[in-house]
Amino acid sequence: MIGDDIHQLAKILWPINRSITGDGVRKTLHILKNFHTNLEIYEIPSGKKVFDWIVPKEWNVKEAWVEGPDGKRILDFANNNLHLMGYSIPVNATFELEELDKHLFSLSNQPNAIPYVTSYYTERWGFCITHNQRKKLKPGKYKVHINSTLQSGSLTYGELIIPGESSKEIFLSTYVCHPSMANNELSGPTVTIYLAKWLESLKNRRFTYRIIFVPETIGSITYLSQHYKHLKEHVVAGFNITCVGDNRNYSYLPSRDGNTLSDQVANHILKWTDKNFKTYTWNDRGSDERQYCAPGIDLPIASIMRTKFAEYSEYHTSLDNLENVVTPEGLKGGYSALRHALEAFENNCYPEVTVLGEPHLSKRGLYHTIGTKVRDKYVGLMMNLITYSDGKTSLLTIAEKCNVPIWDLYSILNTLSAHKLVNKHDSLIMDNSIRHLNLKVSN
Amino acid sequence: MIGDDIHQLAKILWPINRSITGDGVRKTLHILKNFHTNLEIYEIPSGKKVFDWIVPKEWNVKEAWVEGPDGKRILDFANNNLHLMGYSIPVNATFELEELDKHLFSLSNQPNAIPYVTSYYTERWGFCITHNQRKKLKPGKYKVHINSTLQSGSLTYGELIIPGESSKEIFLSTYVCHPSMANNELSGPTVTIYLAKWLESLKNRRFTYRIIFVPETIGSITYLSQHYKHLKEHVVAGFNITCVGDNRNYSYLPSRDGNTLSDQVANHILKWTDKNFKTYTWNDRGSDERQYCAPGIDLPIASIMRTKFAEYSEYHTSLDNLENVVTPEGLKGGYSALRHALEAFENNCYPEVTVLGEPHLSKRGLYHTIGTKVRDKYVGLMMNLITYSDGKTSLLTIAEKCNVPIWDLYSILNTLSAHKLVNKHDSLIMDNSIRHLNLKVSN
Amino acid sequence: MIGDDIHQLAKILWPINRSITGDGVRKTLHILKNFHTNLEIYEIPSGKKVFDWIVPKEWNVKEAWVEGPDGKRILDFANNNLHLMGYSIPVNATFELEELDKHLFSLSNQPNAIPYVTSYYTERWGFCITHNQRKKLKPGKYKVHINSTLQSGSLTYGELIIPGESSKEIFLSTYVCHPSMANNELSGPTVTIYLAKWLESLKNRRFTYRIIFVPETIGSITYLSQHYKHLKEHVVAGFNITCVGDNRNYSYLPSRDGNTLSDQVANHILKWTDKNFKTYTWNDRGSDERQYCAPGIDLPIASIMRTKFAEYSEYHTSLDNLENVVTPEGLKGGYSALRHALEAFENNCYPEVTVLGEPHLSKRGLYHTIGTKVRDKYVGLMMNLITYSDGKTSLLTIAEKCNVPIWDLYSILNTLSAHKLVNKHDSLIMDNSIRHLNLKVSN
């Protein structure tokens, strides 16, 4: 099962200490590159100005631990990379408990969880610890050892272009900057690389697919600062892929616009995947959609998720793992919803019937030849597809009007097209302004 | 009562064997022509190409029956024309029950009903029978005799033009192709011909009325293939008239557009006729609106019905009769709702007040001269009509804003017009694009 | 407390006999002028044509009473000016009870209330009386004395202009034509004059404020007939101020358009003042908004009220007083809601972020430097304000999107503006058509 394959890959990536820069990102990207040799890995030097930001120093960790008054290691980065606050500076000193405590982070309401804490842009050091362990610490001298480097280097990201018939693009973005956490990290890049595998396997692709693996926030800002003009001209739809691995909910977070093709497709696919899917608002954003939909950028990027970041208790703690949170079944559901969405982009068009009045279907063997009071469901759907095929209504909107998932229409449309009764107008591959107009018209 | 007159006419038309072609249609149209000598009857030859279709051969029946093993007639077209499948080819032969049975049609869930079955475009023969009778048939030899003709001839339809001040048209269509059935056939042409009588009796008509009596589907396609350019230029509103004879429900089926003047008027009239009227969607269509609203035709045609076709158990069976289903009361209600709708077309306009600020009504005797805390309802309605008379809002929309039926405003508008306080702008009689724009603006 | 100050002023104005013309209006306006020496008082001569109306004769009263058969005064204008029907002509005669009774007005369902009755445009006389007193009147001769004058004079109104940076105007109108009644009269001019005091105290004003005190209906029509072209060019928003003094409800009456800036602000402010505020429709109008929003005038004038005229039992009777109906608390609430609305006009703008992507807030000290799972509410609101600052969305709409009152955004916007992260575009001060366009776009 696809879910097992994805879960297996996540396990391989699990122990790596990722952050917004450093060797953890590089190692993760090289493992992903095994799936696609076309995945290009880029390095952007520290200090480079990217929009309002500056690419930070590169951070790497060799070892990090704390020894207690009795000489035993009480915290060790080697056991769980969450123990070390992200971007901790080097330290090699001994502290009284009172002083050490100022550098400890725990969650009183989740006493068994190690929290995930970072300090990217202010130099600090710290350790993260379960609240239960913290409460047991005894007064005395603690030896703190952090063998890390924080120095000029580079920010690393991956980019994979899968070409299609058109230069118009579907844009997928996922992030690779969190240490060992499952739903809010590993589900994203693992599902995305499997989607890329499937895309590559297709005989025909209408669209070119641009898929990036970046550190969150600074990575997407860096990528945008290099490519946003190209993206604004070419991208017709896309998703930020995160939190697609647990088997609890399906969720939708809109683009800032709220009504782009990505939003329409996400809503449609989720409605037919799980009628109880959760709808968030733009106010609930929190990942790279913040950059892709920022004023002036305004890309048509929405999010299809399982349980959304910040909406589950394990989020940003050591409890967000590959056993209790992210499962093969959960990953399969996330992969499947996103694949349905990409298929919808590929199949969407503006069908236009070629005859005036209803076509005479029975002479083509497409209609029952005996008239009675009984109605055939398949024929009814074909008749509905025909009546809405006015060249101005997208297949997606037609599916909504027919109250069926868009995938129920693919084969019927192909049958009608084969009989030259309906032309598929590929209006999506038009310039953006007209496309946008058409989308508005079609609703 | 008008309902009795219409019911009486339906009884006269009841026994005629109508189909999509043949003498039954001609005979029906000649009876209707007694009401309007201007009703013109047209014949379109078999074989003529009409859009994607071809006018079929003409079908006529002299007699048709089945004799049982004992020599008794078990089924006879002379008793009920539903017994013979529509468009049955000639047969004169004897069959074992097993073979005959392949040509029999009955309804197991309505064992006392003779179903209505046709096979217009594939040559067949068949008999329709109650399920109870069918179950009792004994093995043996059955003599089948169908004296029918299926040969080159013509398709017949009627057209009645009632001229008005404007060349802009209201288009009414009804069908004459079903044998002895009441709500889903006879209610349509009988109510329509009485509406035509009433229209002819009016001293003034703003609009020209185009009223056609056609066989369903092939008839409307034939008519459209000859006239659709004229219709697209001239028709501002209209209805397909069917199922207007039972006294159970009021129903509305929208045009494909869903918001034409016909839709707006239908909704308004029905809301004030029966607040529980049923609203269907375009997916529920099934009569000639399928052709009138097809992509590229796009006429503003909606349907005002009593109980909609396919939504009542007697539909398309011998149970759809003039005793239990269609009644004088039911026909009166259908006639009345449609007449209200036509009156709304005639009276709708874009009123525009002629003074700035509120007019001084009391000096014209239109307002109470003593100011107190009591409000007069009629005066209040007059004030509302004035305040909404901005020249951009239709009388129909004003009625909606005032929460009254449009007919409550006719006399008030005439009073204000007589005092030269309001001009009635007849914006409907403009070119279609502007009219459409105004309709949008006014909502 | 501001409510006490306003209530005190209302008490001073209480006993004056106001009508649509006469010395009562003049006296009222001169008292208000004490608060603003810039309040200009205008006199428009009787007989002047104003739109469809004519300025009526001026009415003044010296004394008016009725003596009973026993020579005792049973009704005296000196006790309560409501006893005399407004615009009563002079009378000095004796009548039998039967004849007198034709000139009496009382309310059988409010037997302790003196009703408020007028006859401005038909010459009459009459007295208003409690129903309880009327029932006790005994047969006999009644002496009626009305020492009034109804003769050529003028209609009086006040106008106060408070200049601002722009020539674009906020228009406030209130009326001064009712005798001793509290919510439906005195709350209006007293709250308005205190709003004017506050406006004058502001260091900067974006808008010019045009504030008028007029007799209802004939006064607003007179004012419009003189100024409507100027108003249509300059007024961007405003309110008709009435019924702002009781402490029971908050109410909103829309402009005829229903979606002007005034409507948007009124709805927003009331929602955050009292989530149970009442929304009326344009059909419920009844004060000078009838003129300001008449077709062809179309000013963007809505109403923010406490309990709306005609919606409380004391309305238009002697029971609408400064003890049981209008209170300091009630007046404070009306004043406060309107002041919030005027502040919203002053602060509304179209913010536009100056950087692409999210700004790096932490380097400016505007963001926490440690990343964890906890969210800061103030920082979240700042991020929301930034993300919606696309230069096309008004601050008002942004507040709606953030689900906070607009006043929560003023200081955050100023902080961001001080850091040059957001420009405030003052798009309101554009020509009307573009402004209107922007308002539509922003919703």
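Helices (H or I, at least four residues) and strands (E, at least two) are DSSP runs, numbered from the N terminus. This is a predicted model, in which local features need pLDDT of at least 70, side-chain atom pairs count only at pLDDT 80 or more, and totals for chains, interfaces and linings use all residues. Residues are numbered from 1 along each chain as its sequence is written, and chains are lettered from A and ligands numbered from 1 in the order in which they are written. Chain C superposes on chain A by a rotation of 120° with 0.0 Å of shift along its axis, which is the relation of a three-fold axis.

**Chain relation and contacts**

- The superposition of chain C on chain A has an RMSD of 0.1 Å (least squares on the C-alpha atoms of residues with pLDDT of at least 70 in both).
- Between chains C and A, 19 residues of chain C and 24 residues of chain A take part in the contact (C-beta atoms, placed from the backbone, within 7 Å).
- The side of chain C that touches chain A has six nonpolar, nine polar and four charged residues (Ala, Val, Leu, Ile, Met, Phe, Trp, Tyr, Cys and Pro count as nonpolar, Asp, Glu, Lys and Arg as charged, and the others, Gly among them, as polar).
- Towards chain B, chain C has 24 residues in contact with 19 residues of chain B.
- On the side of chain C that touches chain B, helix 6 (218–234) and helix 8 (289–292) of chain C are the elements that give two or more residues, and helix 6 of chain C gives the most, with three.
- That side of chain C, touching chain B, is made up of 14 nonpolar, seven polar and three charged residues.

**Sheet of chain A**

- Chain A has an open sheet of eight strands in the order 1-10-12-11-13-16-14-15, with mixed pairing (two strands pair if DSSP finds at least two bridges between them).
- Strand 1 (40–45) and strand 15 (278–279) of chain A are at the edges with a single partner strand each, so one side of each has no neighbour in the sheet.
- Strand 14 (residues 251–253) and strand 16 (residues 301–305) of chain A are antiparallel and share three bridges; A:Leu253 is opposite A:Ser303 in strand 16 of chain A.
- Helix 2 (residues 23–33) of chain A packs on the sheet against strand 1, strand 10 (154–162) and strand 12 (208–214) of chain A, and its direction makes about 15° with that of strand 10 of chain A (axes are lines fitted to C-alpha atoms, for helices over the stretch in contact, and angles run from 0 to 180 degrees between N-to-C directions).

**Sheet of chain B**

- In chain B, eight strands form an open sheet of mixed pairing, ordered 1-10-12-11-13-16-14-15.
- Strand 14 (residues 251–253) and strand 16 (residues 301–305) of chain B run antiparallel, joined by three bridges, and B:Ser251 has B:Met305 as its bridge partner in strand 16 of chain B.
- Helix 5 (residues 182–201) of chain B packs on the sheet, touching strands 10 (154–162), 11 (169–175) and 12 (208–214) of chain B, at about 150° to the direction of strand 11 of chain B.

**Helix pair in chain C**

- Helix 10 (residues 377–388) and helix 12 (residues 410–418) of chain C pack at about 70°, with axes 10 Å apart, which makes helix 10 of chain C roughly perpendicular to helix 12 of chain C (angles under 35 degrees count as roughly parallel, over 145 as roughly antiparallel, 65 to 115 as roughly perpendicular and the rest as oblique).
- C:Leu381, C:Met382, C:Leu385 and C:Ile386 in helix 10 of chain C meet C:Ile412, C:Leu413 and C:Leu416 in helix 12 of chain C; the residues of this contact are seven nonpolar, no polar and no charged.

Definitions and conventions. Two residues are in contact if their C-beta atoms, placed from the backbone, lie within 7 Å.
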